[in-house]
Amino acid sequence: MSQNKPCIAVDAMGGDFGPSVVIRGALDALRTQDIRVILVGREPDIRAELATAKATDADVEVVHAEQVIEMQDKPSDALRRKKNSSVQVAFRLVKEGRADGVVSAGNSGATLACGMFILGRIDGIDRPALAGILPTEKKPMVLIDVGANVDCKPHNLLQFALMADVLARSVLGVPKPRVGLMSIGEEEGKGNSQVKLAFDLLRKSSLNFKGNVEGRDVFTGDVDVVVCDGFVGNVVLKLSEGLAVSLGRLLKRELLAGFWSKCGCLFAKGALRRFSRRIDYAEYGGAPLLGLKGIGIVCHGASNAKALSSAIHMAATFVRNRSNDHLAQELAKNRDIVQLSRTGTTPSSNNGQGLLSRVADQASEQSPAQGLTVHQGSEREFGQEAPGVVS
């Protein structure tokens, strides 16, 4: 980029509420952060919304994109037939170096497919993954994958863990993230064959691996990263969302059931407001799509302006902290484990440190950028249905 400020391309046509909410979120982000924003979509609609918001003089660039990917569009169809859609144009701006990242509240599957096809994957990453940031009793944690890959191999889980480790350090500010592997028991040896093999890989990696965690451990805050395949992750995410909504309704019903409980609400108003803020998904806004050259943030279709502003902030932080460079360094440290695990072989040493040290030494002689090789996706790759993704 020619300027130091992170530049985020925002899909203005995405989301259930269209440009009106997306543009308000982008304007909020501009007011509170030192960034640049490019609004991508139908220019007449965007200009009209800017006029409605009395922000015609706002320091935003507008890039016209005639087509819109609808929520019901299949990702493969969107790739082939809607090349001038707002999502595709936004990712092409990143590829051309005019933007650093993309934020979209539109069709999740199409956003994932466009990101993979247009930007390509970082060398060492077989599958990009969606990371969810969830509140816990102590501080937010990263759950990966939350729906991009429903069927995974053990080395995919290792790659997910490496990506989430970088995200936790770069965006959440955790110096040495504690990584846990989702299973049905804490003891080593618990779980299916995928989890058992992944456990062995994670133990031999350079990560701060703490072993298996169970579903009940997700919200305790004892680990900073929880790794699982996209099927399990999406179930955990949706279960958590549903549980939070139901508990909120039950709590409200009980608090308003009698005179004295209503009086108690008045005294607890501040605490209830703080609690609501801690569990509000809009504080983080969206799920980062990790493993691409560039960053994509996939927001919920029903995102409000605050969620979109937070997602833009997250994308800018990811760019500002050069998170992809750090990911390349972590992949270099663990390259042998990743490559050997793809063939079904694991390093013969007990902890792999000797092998890893040699790789790390070689990596240290190279600049981070040298480790970034992009593999372009292909339309054939998306000829079938794109991986199931979070909605």
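Here are some questions and answers about the structure above.

This is a predicted model, where local features need pLDDT of at least 70, side-chain atom pairs count only at pLDDT 80 or more, and totals for chains, interfaces and linings use all residues. Residues are numbered from 1 along each chain as its sequence is written, and side-chain values use heavy atoms, with hydrogens and water left out.

Q: How many disulfides does the model have?
A: A disulfide is a covalent bond between the sulfur atoms of two cysteines. Here, a pair counts if the two cysteine sulfur atoms are within 2.5 Å. The sulfur of Cys152 is too far for a bond, because the closest cysteine sulfur, in Cys228, is 8.6 Å away. Cys265 is in no disulfide either, with the nearest cysteine sulfur, in Cys263, 9.0 Å away, and the count comes to zero.

Q: Is Cys152 buried or exposed?
A: Let's set the scale: buried means under 20% relative accessible area, exposed over 50%, and partly exposed in between (1.4 Å probe, protein chains only). The relative accessible area of Cys152 is 13%. That makes Cys152 buried.

Q: How many residues of strand S1 are buried?
A: Strands are DSSP runs of E with at least two residues, helices are runs of H or I with at least four, and both are numbered from the N terminus. S1 covers residues 7–11. In a regular strand the side chains alternate between the two faces of the sheet.

Q: Which residue in S2 stands opposite Ile8?
A: Two strands pair if DSSP finds at least two bridges between them. S1 and S2 (residues 36–41) run parallel and are joined by five bridges. In S2, the residue opposite Ile8 is Val37.

Q: What word describes how H6 and H7 are placed to each other?
A: Axes are lines fitted to C-alpha atoms, for helices over the stretch in contact, and angles run from 0 to 180 degrees between N-to-C directions. H6 (residues 154–170) and H7 (residues 193–204) pack at about 50 degrees, with axes 8 Å apart. Angles under 35 degrees count as roughly parallel, over 145 as roughly antiparallel, 65 to 115 as roughly perpendicular, and the rest as oblique. So H6 and H7 are oblique.

Q: Is Lys54 buried or exposed?
A: Lys54 lies in the loop between H2 and S3. Its phi is positive, about 55 degrees, although Lys54 is not a glycine. With 77% relative accessibility, Lys54 counts as exposed.
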